[in-house]
Amino acid sequence: MITILGIESSCDDTSAAVIRDGVILSNVIAGQAVHERYGGVVPELASRAHQQNIIPVVHDALKQAGISKEEISAVAFTRGPGLLGSLLVGTSFAKGFSSALNIPMIEINHLQAHVLAHFIKEDAQDTNQPGFPFLCLLVSGGNSQIILVKSYDEMEIMGQTIDDAAGEAFDKCAKVMGLGYPGGPVVDRLAKLGNPDRFTFSKPHIAGYDYSFSGLKTSFLYFLRDELKKDAGFIEKNKEDLCASLQKTIIDILMDKLYLAAKDLRIKEVAVAGGVSANSGLRAAFEEYSRRYGWKIHIPKFAYTTDNAAMVAITGYYKYLDSEFCSPDVIPYARVSI
């Protein structure tokens, strides 16, 4: 049996998970509410919270899995990308854990882990994993990418944002409307009550499969500025329709490029991953494209959409099979691609 302990600390969620032979045994996540008052993640506060959370979270993950630490085959940890201070906490813990138990360490690329979250098994009979090759739309607060997944360890970025990510567009536009942080879930909730065709916002004209969301943010800001001059209560009176129209625009941008890539590459198996994959509108769009174009789609469980250690552990499992271990002197990196 191969039992992997996964550690995730790339941003503001401290998470630990245990996977045995590809099957999830536990996945514990501790969030950080301290950032809400600042409208975004404060790196220094995030790293301090990770230091407080890491040991209790790992303890709970082992307890829920029903195993002892001596049964762990290797510890997999997020090396990057992410906030450097946060990554240092997880990396340091993994080094200490590895040294104390004399087990190997496995470094994990956070982006690759999001994609491979689709291979987490709920039980030994779970066979609902994608087949190779498949396309994966990775969308979060920091990433918007179309990835051609050829195997567990061979991925090619076909398109990506040239400026802002889709998740950032959700959060920044929500902040402008005074909806708080993180704004994406609030926009999603209000969008269900609004008319998505009420307002029209600009869409970028970018060649190929790349994305751009900075123009949308700017047009949204200018639109609100002009309407607020006419009516100071415009946002409050129209927030449901604003959210619905904004969400529809972002999803249209994402799906148009994904469809183009799937059509050009003649791929019918398509997945979505990352924090924005929790968005109900995006999930509905995947269902619609599945019906319209015959796609076989893969949508992650909500527990695997945000940053979590289960995706780190499953990636570590496949790297363990290939004996891809790392040196104990590795250091985390803030920026890296797949």
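This briefing covers helix packing, nonpolar cores and local backbone features of one structure. The structure is a predicted model, in which local features need pLDDT of at least 70 and side-chain atom pairs count only at pLDDT 80 or more, while totals for chains, interfaces and linings use all residues. Residues are numbered from 1 along each chain as its sequence is written, and side-chain values use heavy atoms, with hydrogens and water left out. Helices (H or I, at least four residues) and strands (E, at least two) are DSSP runs numbered from the N terminus.

**Nonpolar cores**

- A nonpolar core is a set of buried Ala, Val, Leu, Ile, Met, Phe, Trp, Tyr and Cys residues joined through side-chain atoms within 4.5 Å. Buried means under 20% relative accessible area, exposed means over 50%, and partly exposed lies in between (1.4 Å probe, protein chains only).
- The largest nonpolar core holds 48 residues, and Leu137, Leu258 and Leu282 have the most contacts inside it.
- Two or more residues of this core come from each of strand E6 (134-139), strand E7 (144-151), helix H4 (166-176), helix H5 (183-191), helix H6 (214-230), H7, strand E9 (269-273) and H8.
- H7 contributes the most to this core, with 14 residues.
- A second, separate core has 33 residues, including Leu116, Ala117, Cys136 and Tyr317.
- Contact means heavy atoms within 4.5 Å. Beyond its neighbours within four places in sequence, leucine 282 is in contact with Leu137, Val139, Ile251, Leu254, Met255, Val272, Val276 and Ser277.

**Helices H7 and H8**

- Axes are lines fitted to C-alpha atoms, for helices over the stretch in contact, and angles run from 0 to 180 degrees between N-to-C directions. Angles under 35 degrees count as roughly parallel, over 145 as roughly antiparallel, 65 to 115 as roughly perpendicular and the rest as oblique.
- Helix H7 (residues 234-265) packs against helix H8 (residues 280-293) at an angle of about 40°, and their axes are 10 Å apart. H7 and H8 are therefore oblique to each other.
- The crossing of H7 and H8 is right-handed; a crossing is right-handed if the near helix is turned clockwise from the far one by less than a right angle, and left-handed if anticlockwise.
- On the H7 side the contact involves Gln247, Ile251, Leu254, Met255, Asp256, Leu258 and Tyr259, and on the H8 side Ser280, Gly281, Leu282, Ala285, Phe286, Tyr289 and Tyr293.
- The residues of the contact of H7 with H8 comprise 10 nonpolar, three polar and one charged. Here Ala, Val, Leu, Ile, Met, Phe, Trp, Tyr, Cys and Pro count as nonpolar, Asp, Glu, Lys and Arg as charged, and the others, Gly among them, as polar.

- The axes of H4 and H7 come within 11 Å and cross at roughly 170°, which makes H4 roughly antiparallel to H7.
- The crossing of H4 with H7 is right-handed.
- Ala166, Ala169, Phe170, Cys173 and Val176 of H4 meet Ile235, Leu246, Gln247, Ile250 and Leu254 of H7. This contact of H4 with H7 has nine nonpolar, one polar and no charged residues.
- H4 and H5 have axes that come within 7 Å and cross at roughly 75°. H4 and H5 are therefore roughly perpendicular to each other.
- Phe170, Asp171 and Ala174 of H4 make the contact with Gly183, Gly184 and Val187 of H5.
- H5 is mostly covered, with seven of its nine residues buried. The buried residues of H5 pack against H4, H7 and H8.

**Backbone features**

- Most residues other than glycine have a negative phi, and most peptide bonds are trans.
- Phenylalanine 132 and proline 133 are joined by a cis peptide bond, with omega about -10°. Proline 133 lies in the loop between helix H3 (110-116) and E6.
- Tyrosine 181 and proline 182 are also joined by a cis peptide bond, with omega about -5°. Proline 182 lies in the loop between H4 and H5.
- Arginine 266 has a positive phi, near 55°, and lies in the loop between H7 and E9. Arginine 266 counts as exposed, at 77% relative accessibility.
- Serine 323 has a positive phi, near 55°, and is in the segment after helix H9 (309-321). Serine 323 counts as exposed, at 51% relative accessibility.
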